[in-house]
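This report describes the fold, surface and selected residues of one protein chain. The sequence and model are shown below.

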Amino acid sequence: MYYFVISMFDEHKQVKDTLEELKLLDSRVFLIQSDDGSDFLESCDIDFKKKLPNLEHQFEDKRRLPSHAICRNMSEGFTAAYKASVDLDETPTMVVGLTGDTLITD
């Protein structure tokens with residue numbers, strides 16, 4: 001069993017295509033999205049999905065935004081993955097963290 005933690009903002013097409021590929025594997029997907037105003041998550045049939053608030057308005061220095069957003073989202077996703085592994089009494093073979101702009105093609 002593979003666990004994939006995906007952090008995304010508005011990379012809908014890439015994430016949709018990646019999710020289609022991951023369905024072919026023995027895997028669980030944990031998708032965390034920073035709110036971009038879309039309803040993308042509603043159409044995703046995956047193990048775990050969560051939308052977090054957009055952090056954009058919390059930073060005067062916009063250079064700090066990307067690192068904070070990705071760290072927050074990945075932390076949320078890895079925490080969910082860990083909880084799932086404990087609840088399911090499952091030890092994943094591999095845990096992979098991906099950003100939304102990463103496209104898995106095979």
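## N73 and its surroundings

Leaving aside residues up to four places away in sequence, N73 touches S7, M8, I32, Q33, S34 and L52, where contact means heavy atoms within 4.5 Å. N73 belongs to helix α2, which covers residues 65-87. With a relative accessibility of 1%, N73 counts as buried; the cut-offs are under 20% relative accessible area for buried, over 50% for exposed and partly exposed in between, with a 1.4 Å probe and protein chains only.

## Basis of the model

The model is predicted: local features need pLDDT of at least 70 and side-chain atom pairs count only at pLDDT 80 or more, whereas totals for chains, interfaces and linings use all residues. Residues are numbered from 1 along each chain as its sequence is written, and side-chain values use heavy atoms, with hydrogens and water left out.

## Overall fold

Two helices and four strands make up the secondary structure of the protein, and their order from the N terminus is β-α-β-β-α-β. The radius of gyration is 14 Å, close to the 13 Å given by the globule rule for 106 residues, so the protein is as compact as a globular protein of that length. Helices here are DSSP runs of H or I with at least four residues, and strands are runs of E with at least two, numbered from the N terminus. The radius is taken over C-alpha atoms, and the globule rule is 2.2 Å times the number of residues to the power 0.38.

Along the principal axes, the C-alpha trace spans about 40 × 25 × 20 Å. Of the contacts with a separation of 6 or more, 61% are between residues 24 or more positions apart. Buried residues account for 38% of the 106 residues.

## Surface, charge and cysteines

The protein exposes about 6,500 Å², of which carbon and sulfur atoms supply 51%; the areas come from the Shrake-Rupley method with a 1.4 Å probe. There are 12 positive and 21 negative side chains, and the centres of the two sets lie 5 Å apart. Lys and Arg count as positive, Asp and Glu as negative, while His and the chain ends are not counted. Each charge is placed at NZ of Lys, CZ of Arg, CG of Asp or CD of Glu.

The structure holds zero disulfides, a disulfide being a pair of cysteine sulfur atoms within 2.5 Å. C44 is buried at a relative accessible area of 7%, whereas C71 is exposed at 53%.

K13 lies in helix α1, residues 12-22, and is exposed at 55% relative accessibility. K13 and L103 are 90 residues apart along the chain, and their C-alpha atoms are separated by 9.3 Å.

L24 is placed in the loop between α1 and β2 (27-34). At 67% relative accessibility, L24 counts as exposed.

## Loops on either side of α2

R63 is found in the loop between β3 (48-52) and α2, where it is exposed with a relative accessible area of 71%. R63 and D87 are 24 residues apart along the chain, with a C-alpha separation of 38 Å.

D89 lies in the loop between α2 and β4 (94-99) and is exposed, with a relative accessible area of 72%. Most residues other than glycine have a negative phi. The phi of D89, a residue other than glycine, is positive, near 50 degrees.
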